[in-house]
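Please find below a short note on the model under review.

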Amino acid sequence: MTDDATRARQRLFVSDPITPGCEIELAPEQSHYLEHVMRLKPGTPIKIFNGLDGEWLATIDHLRKKKGTLTAERQLRDQIVERGPILAFAPIKKQRLDFLIEKSVEMGVGTLQPIVTAHGITDKVRLDRLQAQVIEAAEQCERLSVPEIAPPVKLLDWLADWPENRHLLFCDETGSGSPIGEVLSQLLAKGAGSAIDNDNVVNHAIVIGPEGGFSADEIERIRKQSFATPVSLGPRILRAETAAIAALSVFQDRIGDWSIPPVTRD
């Protein structure tokens, strides 16, 4: 890396296409953050990405009164396909939901799917707030994509509209499933495909229950689905956010992208 790339510690997601020499207008909140929170000045190098064009080195042109522009200089990393799993979850209390969203993004989740269940504590989700959290987490963890946030849907409707070539890992708190690590290893051995194998792609989804657990009817309906495999997350009862991170961790270890080296930092 050049000195400018090495000095570029701040990283921003932008929605515009990125090409050499293009000017990118910052959103007001981004301009405010760079100028008043990070105390950056014109001429400072930063890194930018948009989920399509890889990561780029850019230079701040100006920052003033919640307005600012950047100029893209050169590409630092090529765009890669990040095939993280779908995580379906029932919305939980604010602080714990914040943790679930942030850590799921860091763990490489591909899509966050809020679901409405019988025992969920709420069916209301502020998608704009979740989107801001997802972007911030993606900026911090140096991934090249921003996970999708799908609109909330009723669990049974979600199951009824199931696409082909997608497998569901049902985190069953009743203990009827096999350990999740064993299930994932067996799926891979049977040719279900690694999440990073572009020639043999099977989309995977993970569903975790609400704080009150799934209802008996929901458990029965999920178990009846040919595309669903019940899995266990161990002998203890986990909070929803803990279950999400545990399941994502084992997924990435067994069939995900943990075999890929981390980003090199000078």
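Predicted model: local features only at pLDDT ≥ 70, side-chain atom pairs only at ≥ 80, totals over all residues.

1. The largest nonpolar core comprises 35 residues, and Leu87 and Ile206 have the most contacts inside it. At least two residues each come from β6 (86-89), α3, α4 (127-141), β10 (166-171), α6 (180-189) and α8. The greatest contribution is that of α8, with seven residues.

2. Isoleucine 206 lies in strand β12, which spans residues 203-207. Its relative accessibility is 0%, so isoleucine 206 counts as buried, the cut-off being under 20%. Leaving aside residues up to four places away in sequence, isoleucine 206 touches Pro85, Ile86, Leu87, Ala88, Leu168, Leu169, Cys171, Ala247, Leu248 and Phe251. The C-alpha atoms of isoleucine 206 and alanine 88 are 6.0 Å apart, although 118 residues separate the two along the chain.

3. With residues up to four places away in sequence again not counted, leucine 87 touches Leu100, Ser104, Val109, Thr111, Leu112, Gln113, Ile206, Ala244 and Leu248.

4. How do the axes of helix α3 and helix α8 cross, and within what distance do they come? The axes of α3 (residues 94-106) and α8 (residues 240-254) come within 9 Å and cross at roughly 10°. The two helices are therefore roughly parallel, as angles under 35 degrees are so classed. On the α3 side the contact involves Arg96, Phe99, Leu100, Lys103 and Ser104, and on the α8 side Ala240, Glu241, Ala244, Ile245 and Leu248. Of the residues in this contact, six are nonpolar, one is polar and three are charged.

Key:
Residues numbered from 1 in each chain as written. Heavy atoms only, no water. Helix = DSSP H or I, 4+ residues; strand = E, 2+ residues; numbered from the N terminus. Buried < 20%, exposed > 50% of the residue type's maximum accessible area, 1.4 Å probe, protein only. Contact = heavy atoms within 4.5 Å. Axes fitted to C-alpha atoms, helices over the stretch in contact; angles between N-to-C directions. Parallel < 35°, antiparallel > 145°, perpendicular 65-115°, else oblique. Nonpolar A, V, L, I, M, F, W, Y, C, P; charged D, E, K, R; others polar. Core = buried A, V, L, I, M, F, W, Y, C linked by side-chain atoms within 4.5 Å.
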